[in-house]
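Reader: I am new to this structure. Can you walk me through how to read it, one feature at a time?

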Amino acid sequence: MSEHEPRPAEVFDTEVDVAAVTERTPRLVETPRGKLALVRDGERIVAIDAWCPHLDGPLWEGSSAGGEVACPWHRWRFSLDTGRCTWAPRGDAEEAAETCIDVFPTAEHGPGRVRILLGSR
């Protein structure tokens with residue numbers, strides 16, 4: 001494989017039931033990449049960094065709505081599509097403009113379990 005060819009996506013199969021991930025109950029999972037949070041956004045589930053990059057707040061304890069997840073500590077919000085910070089308190093705006101989280105797509109595998117498509121970073 002040359003350095004310019006895309007690498008195959010790394011896949012991690014969880015034991016988490018798809019139905020157990022609701023908009024009110026994200027799930028924390030341990031993966032080869034570390035801890036990730038499974039978050040439901042409408043019909044889809046995405047895997048995101050477990051910790052807010054602002055002050056390490058637990059994103060799996062946050063809320064999700066409208067394609068965003070909000071940290072429960074200081075309400076920083078992140079896009080579930082791009083990972084970019086979409087809102088932060090006014091005093092943190094400059095830092096927030098440079099801040100993002102990793103977002104990974106998921107798929108269903110086996111009998112209703114969540115598969116995380118980690119990809120290459």
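This is a predicted model: local features need pLDDT of at least 70, side-chain atom pairs count only at pLDDT 80 or more; totals for chains, interfaces and linings use all residues.

Reader: How do I judge the overall form? What is the radius of gyration, and what would a compact globule have?

Author: Compare the value with a rule for chain length. For 121 residues, a compact globule would have a radius of gyration near 14 Å. The protein has 15 Å, which agrees. Along the principal axes, the C-alpha atoms fill a box of roughly 45 × 40 × 20 Å.

Reader: What share of the residues is buried?

Author: Buried residues make up 41% of the 121. The protein exposes about 7000 Å², and carbon and sulfur atoms supply 48% of that area.

Reader: Where should I look for nonpolar cores?

Author: Start with the general idea. In soluble globular proteins, nonpolar side chains tend to be buried together. Now this case. The largest nonpolar core has 18 residues, and I48, W76, F78 and I101 touch the most other members. Strand 3 and strand 4 (44–49) each supply at least two residues of this core. A second, separate core has 12 residues, including V16, L38, I45 and A47.

Reader: Next, charged pairs. How many salt bridges does the structure hold?

Author: Side chains of opposite charge can pair when their charged atoms come close. This structure holds seven salt bridges. One of them pairs D13 with R115, with the closest N and O atoms 2.5 Å apart. D13 sits in strand 1 (residues 11–17) and R115 in strand 10 (residues 113–117). The two are 102 residues apart, so the pair links distant parts of the chain.

Reader: What does the salt bridge between D102 and R33 tie together?

Author: Their side chains meet at 2.2 Å, N to O. D102 lies in the loop between helix 1 (93–97) and strand 9 (103–109). R33 lies in the loop between strand 2 (27–31) and strand 3, so the pair ties together parts that are 69 residues apart in sequence. D102 is partly exposed at 22% relative accessible area. R33 is partly exposed at 35%.

Reader: Which residue forms a salt bridge with D41?

Author: R44 does, with the closest N and O atoms 3.0 Å apart. Elsewhere, salt bridges that share partners join R33, D49 and D102 into one network.

Reader: Let me stay with D41. Where is D41, and why does D41 count as buried?

Author: D41 is in strand 3 (residues 34–41). D41 is buried because its relative accessible area is 17%, and buried means under 20%.

Reader: Which residues does D41 touch?

Author: Leave out residues up to four places away in sequence, and D41 touches E23, G66, G67 and L80. The side chain of D41 reaches the backbone nitrogen of G67 at 3.2 Å.

How values were computed:
Residues are numbered from 1 along each chain as its sequence is written. Side-chain values use heavy atoms; hydrogens and water are left out. Helices (H or I, at least four residues) and strands (E, at least two) are DSSP runs, numbered from the N terminus. Buried means under 20% relative accessible area, exposed over 50%, partly exposed in between (1.4 Å probe, protein chains only). A polar contact is a pair of N or O atoms within 3.5 Å; within protein, one must be able to donate a hydrogen and the other to accept it, and residues adjacent in sequence count only if both atoms are side-chain atoms. Contact means heavy atoms within 4.5 Å. A nonpolar core is a set of buried Ala, Val, Leu, Ile, Met, Phe, Trp, Tyr and Cys residues joined through side-chain atoms within 4.5 Å. A salt bridge is a side-chain nitrogen of Lys or Arg within 4 Å of a carboxyl oxygen of Asp or Glu. The radius of gyration is taken over C-alpha atoms; the globule rule is 2.2 Å times the number of residues to the power 0.38. Accessible areas come from the Shrake-Rupley method with a 1.4 Å probe; for residues, only the protein chains shown count as cover.
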